[in-house]
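Hello,

Here is the structure I promised to pass on to you. Please have a look at it first, and then read my notes below.

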Amino acid sequence: VRRAGDRLVMGVGPATASVVAEDKKPPGVPTGIEFTQSVLTWEPNPESDLAGYRVFRSEGADAGFKPVSEALITTNVFFDPAYRPGVYYAVSAVDESRNESAMSAPFRAP
């Protein structure tokens, strides 16, 4: 009920609305990539909703990067049993909403 001048106007009551927050912001791009004896490491991402990382490998720095595993890597360390000198690696971060960062700059393994 509300008052309009000297009259009371009946209403239908408050409406119920549902609001769903949708996360569309990807995590930051991983940084600090290093490679030592078949082990790739990088700085851990600070996001609280981080689900894991994807590691990519390529023969060249410009294209052809393919994921090294289907599952997300849940730590900031990856042992590559298929390592060969001169291959390139890149890493992306994925959050719980499946938003994925861009790949890091390519890193050439020694």
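Before the sheet, a word on terms: two strands pair if DSSP finds at least two bridges between them. Strands themselves are DSSP runs (E, at least two residues), as helices are (H or I, at least four), and both are numbered from the N terminus.

Please keep in mind that this is a predicted model, in which local features need pLDDT of at least 70 and side-chain atom pairs count only at pLDDT 80 or more, while totals for chains, interfaces and linings use all residues. Residues are numbered from 1 along each chain as its sequence is written, and side-chain values use heavy atoms, with hydrogens and water left out.

Now to the sheet. Three strands form an open sheet in the order β3-β4-β7, with antiparallel pairing. The edges are taken by β3 (34–36) and β7 (77–79); each has a single partner strand, so one side of each is left without a neighbour in the sheet. On average, neighbouring strands here are turned by 20° against each other, direction ignored (the axes are lines fitted to C-alpha atoms, for helices over the stretch in contact, and angles run from 0 to 180 degrees between N-to-C directions). Three bridges join β3 to strand β4 (residues 39–41) in the antiparallel sense, and E34 stands opposite T41 in β4.

Next, the chain as a whole. The protein chain has zero helices and nine strands. Its radius of gyration is 24 Å, well over the 13 Å that the globule rule gives for 110 residues, so the chain is more spread out than a compact globule. That radius is taken over C-alpha atoms, and the rule is 2.2 Å times the number of residues to the power 0.38. The C-alpha trace spans about 85 × 25 × 25 Å along its principal axes.

Of the 110 residues, 28% count as buried; buried means under 20% relative accessible area, exposed over 50%, and partly exposed in between (1.4 Å probe, protein chains only). Among contacts (heavy atoms within 4.5 Å) between residues at least 6 apart in sequence, 57% join residues at least 24 apart.

What about the charged side chains? The structure holds three salt bridges, each being a side-chain nitrogen of Lys or Arg within 4 Å of a carboxyl oxygen of Asp or Glu.

- R54 pairs with E100, with the closest N and O atoms 3.1 Å apart. This pair links distant parts of the chain, 46 residues apart: R54 is in strand β5 (residues 50–58), and E100 is in the loop between β8 (88–95) and β9 (107–108). R54 is partly exposed at 23% relative accessibility, and E100 is partly exposed at 33%.
- R57 and D80 meet at 3.0 Å, N to O. R57 counts as partly exposed at 21%, whereas D80 is buried at 1%.
- R84 and E59 have their closest N and O atoms 2.0 Å apart. R84 is in the loop between β7 and β8 and E59 in the loop between β5 and β6 (66–67), so this pair ties together parts 25 residues apart in sequence. R84 is partly exposed at 37%, while E59 is exposed at 57%.

Best wishes
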